[in-house]
Amino acid sequence: MAKESRLFEQVSTKIRNDIKKGKFSVGEKIPSEPALMELYGVGRSTIREAIKSLTLSGILTVQQGFGTKVNATPTEPIEQRLRSADFKEINQVRALLEQEIVRLASKNRTESDLKSISDALEKRKSAIEKESRTDCANADIAFHLAIARASGNHVLSDLYESFTVIIRDFFAKRATSGIAHFAMSHHLHEALFDAIKAGNPEAALSITNTILNNNH
């Protein structure tokens with residue numbers, strides 16, 4: 001089922017790209033199912049799932065007696081847009097998100113949230129002690145994601161989660177730097193947890209800015 005899901009998503013992306021390139025124009029009917037099956041080299045069920053997903057997103061419209069027409073030119077999915085963006089821009093938006101996230105987390109965190117943040121912090125420390133760079137990156141992201149979820153704002157935490165894909169890539173590109181920057185910033189992450197636990201948004205914001213300024 002997972003493979004089937006990935007296949008229709010790939011076809012959906014191809015159709016999106018063909019619409020953006022003008023192969024299928026807005027207001028016009030897209031080819032029939034058999035023609036699309038031949039064009040993209042997939043089965044009928046995959047084509048139907050792809051069309052269904054594009055219809056739900058408003059890009060295609062099924063019109064009775066006419067067929068399926070192009071309703072709008074698709075915008076670039078957020079993950080793709082982030083991948084093509086300059087990392088400086090990514091970090092600026094990430095900073096804005098994290099500043100609001102820690103402010104809200106300091107006010108809205110629950111005991112369950114604090115445990116999740118604490119667990120991620122312990123894993124971060126353990127990864128540093130093991131000198132495992134991959135584990136450090138994963139634990140660091142899990143720590144910040146736990147704080148995002150503690151904000152109580154689901155839209156904000158979902159948006160931040162989209163940024164974690166790019167942040168992982170950034171960490172991967174810095175692979176030659178080892179674990180030093182994780183180790184050197186760990187005391188700041190511990191202080192951030194303490195500030196959130198204490199319900200001190202001013203301290204949490206100040207610590208977050210220090211972490212961001214050092215790109216840790």
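## Terms and overall layout

A residue is called buried when its relative accessible area is under 20%, exposed when that area is over 50%, and partly exposed in between. The structure described here is a predicted model.

The chain has ten helices and two strands. Read from the N terminus, the elements follow the order α-α-α-β-β-α-α-α-α-α-α-α. Of the 216 residues in the chain, 39% are buried.

D194 is located in helix α9. Its relative accessibility is 46%, so D194 counts as partly exposed. Residues of a patch must have over 30% relative accessible area and no salt bridge, and the 46% of D194 is in keeping with the area cut-off.

The whole structure contains nine salt bridges. One of them joins E33 and R48, with the closest N and O atoms 3.0 Å apart. This pair links distant parts of the chain, since E33 belongs to helix α2 (residues 33–40) and R48 to helix α3 (residues 44–56), 15 residues apart. E33 has a relative accessibility of 22% and therefore counts as partly exposed. R48 is also partly exposed, because its relative accessible area is 47%. E33 and R48 belong, together with R44, to a network of salt bridges.

E100 counts as partly exposed because its relative accessibility is 30%. R103 is partly exposed too, with a relative accessible area of 30%.

Helix α5 (residues 87–108) also contains S106. At 3% relative accessibility, S106 is buried. S106 and L205 are 99 residues apart in sequence, while their C-alpha atoms are 9.5 Å apart in space.

## Loop residues

S151 is in the loop that connects α7 (133–150) and α8 (154–173). Its relative accessible area is 1%, so S151 is buried. A polar atom of the S151 side chain lies 3.2 Å from the backbone nitrogen of N153.

A72 is in another loop, between β2 (67–70) and α4 (78–84). With a relative accessible area of 29%, A72 is partly exposed. A72 and I59 are 13 residues apart in sequence, and the distance between their C-alpha atoms is 4.9 Å.

## Backbone geometry at E131

Most residues other than glycine have a negative phi. E131 is not a glycine, yet its phi is positive, at about 60 degrees. The residue lies in the loop between α6 and α7. E131 has a relative accessibility of 64% and therefore counts as exposed.

Conventions. Residues numbered from 1 in each chain as written. Predicted model: local features only at pLDDT ≥ 70, side-chain atom pairs only at ≥ 80, totals over all residues. Heavy atoms only, no water. Helix = DSSP H or I, 4+ residues; strand = E, 2+ residues; numbered from the N terminus. Buried < 20%, exposed > 50% of the residue type's maximum accessible area, 1.4 Å probe, protein only. Polar contact = N/O pair within 3.5 Å; in protein donor to acceptor, adjacent residues only side chain to side chain. Salt bridge = Lys/Arg side-chain N within 4 Å of Asp/Glu carboxyl O.
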